[in-house]
Amino acid sequence: MITLKGISKSYGPVSAVRNVDLAVPEGSIYGIIGKSGAGKSTLLRIMSLLEPPDQGEVHYGGERVDTLAGRELLARRRRMGMIFQNFNLLGSRNVTGNIAYPLEIAGLHKKQIQERVEELLELVDIRDKRKARLRELSGGQKQRVAIARALAANPEVLFCDEATSALDPQTTRSILSLVRDLRDKLNLTVVLITHQMAVIRAICGEVAVMEGGRVVERGTVTAVFDHPETAAAKELIHVQ
Ligand SMILES: Nc1ncnc2c1ncn2[C@@H]1O[C@H](COP(=O)(O)OP(=O)(O)O)[C@@H](O)[C@H]1O
Ligand SMILES: [Mg+2]
């Protein structure tokens, strides 16, 4: 469903992503793993159309999308949701206000927004926190709010950038299990980047290993974990 062809991106002298080809099947939970600085976040920003590549193409279901601009780009981006390690929530708004935010931007009526927020609170299982301030929430609850907000506009793809890296192991498991349930329930395609091997093992079907801006190894999680071929993959597997 998502295809990257020959993607490269530099920041001044730094080659962040080098000639990456990638195919993410529809409905999969696709992992991208690599050490800090490997180029994972840059690749995700290009895939989610937050940044254009210097070279290469991004295709969604056969349609080239990296060349979209203006309203077409906005419309395409509305079909994607994104969550991050630091949640990126609005501290001035309570739980409901955060989840409602993208719906307000999209211009929905108050009644529609209320109904959709209730559905989303239920979906991520935090209905009892609807009026809570963010500072009253645990990290796991904040990530649930962020997931609800990311899913507000019914996206087809959910991008997760180190979404569990600030959470303890038990909370990580509950968020990963939520992501898997949501994928099943909503037919999402999930692209998940992390430096944590355990996260990939827990939830992903396929994985790509990045090092120095390149994808150096890829395959099913079982194949890559049981028989890592590159030094980069071996190192990531053995440190955990
Ligand atoms: N906006 C930017 N400006 C300058 N350098 C950047 C920027 N984004 C990333 N980089 C550099 O590109 C490389 C890859 O970074 P990044 O994609 O964030 O890696 P990862 O997410 O795997 O840690 C790093 O050397 C980083 O310093
Ligand atoms: Mg990163």
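Where is the place of aspartate 125?

## Two loop residues with positive phi

Aspartate 125 is in the loop between α4 and α5. This is a predicted model. In this model, aspartate 125 has a positive phi of about 60°, although it is not a glycine. Aspartate 125 counts as partly exposed, because it has 14 C-beta neighbours inside 10 Å.

Leucine 49 also belongs under this heading. Its phi is positive, about 65°, and leucine 49 is not a glycine. Leucine 49 sits in the loop between α1 (40-47) and β4 (55-60). With 17 other C-beta atoms within 10 Å, leucine 49 is partly exposed.

## Helix α3 against helix α4

Two packed helices are described by the angle between their axes and the distance between the axes. Take helix α3 (residues 95-105) and helix α4 (residues 110-123). They pack at an angle of about 125°, and their axes are 10 Å apart. α3 and α4 are therefore oblique to each other. Their crossing is right-handed.

Which residues of α3 and α4 meet? From α3 come Thr96, Ile99, Ala100, Leu103 and Glu104. From α4 come Ile113, Arg116, Val117 and Leu120. The residues of this contact of α3 with α4 divide into 6 nonpolar, 1 polar and 2 charged.

## Helix α3 against helix α5

Helix α3 also packs with α5. The axes of α3 and α5 come within 8 Å and cross at roughly 25°. That angle makes α3 roughly parallel to α5. α3 passes α5 in a right-handed crossing.

On the α3 side, the contact is made by Val95, Asn98, Ile99, Tyr101 and Pro102. On the α5 side, Val145, Ala148 and Arg149 take part. By class, the contact of α3 with α5 has 6 nonpolar, 1 polar and 1 charged residues.

## Helix α5 against helix α6

How are α5 and α6 placed, and how far apart are their axes? Helix α5 (residues 139-150) and helix α6 (residues 169-186) pack at an angle of about 20°. Their axes are 10 Å apart. The angle makes α5 roughly parallel to α6. The crossing of α5 and α6 is right-handed.

Gly139, Gly140, Gln143 and Ile147 of α5 make this contact with Thr171, Ser174, Ile175 and Leu178 of α6. Sorted by class, the contact of α5 with α6 has 3 nonpolar, 5 polar and no charged residues.

## Alanine 148 and the nonpolar core

The largest nonpolar core has 66 residues. Which of them touch the most other members? They are Ala148, Val190, Val191, Leu192 and Val209.

Ala148 is one of the α5 residues in the contact with α3. Leaving out residues up to four places away in sequence, alanine 148 touches Ile99, Leu120, Leu121, Leu123 and Val124. Ile99 is among the α3 residues that meet α4, and Leu120 is among the α4 residues in that contact.

## Leucine 90, an exposed loop residue

Is leucine 90 buried or exposed? Leucine 90 counts as exposed, because it has 12 C-beta neighbours inside 10 Å. Leucine 90 is found in the loop between β6 (80-84) and α3.

Leucine 90 touches Asn98 and Tyr101, not counting residues up to four places away in sequence. Asn98 and Tyr101 are among the α3 residues in the contact with α5. Leucine 90 and alanine 146 are 56 residues apart in sequence. In space, they are 10.0 Å apart, C-alpha to C-alpha.

Definitions and conventions:
Residues numbered from 1 in each chain as written. Chains lettered and ligands numbered in written order. Predicted model: local features only at pLDDT ≥ 70, side-chain atom pairs only at ≥ 80, totals over all residues. Core = buried A, V, L, I, M, F, W, Y, C linked by C-beta atoms within 7 Å. Buried ≥ 20, exposed ≤ 12 C-beta atoms within 10 Å, placed from the backbone. Contact = placed C-beta atoms within 7 Å. Axes fitted to C-alpha atoms, helices over the stretch in contact; angles between N-to-C directions. Helix = DSSP H or I, 4+ residues; strand = E, 2+ residues; numbered from the N terminus. Parallel < 35°, antiparallel > 145°, perpendicular 65-115°, else oblique. Left-handed = near helix turned anticlockwise from the far one by under 90°. Nonpolar A, V, L, I, M, F, W, Y, C, P; charged D, E, K, R; others polar.
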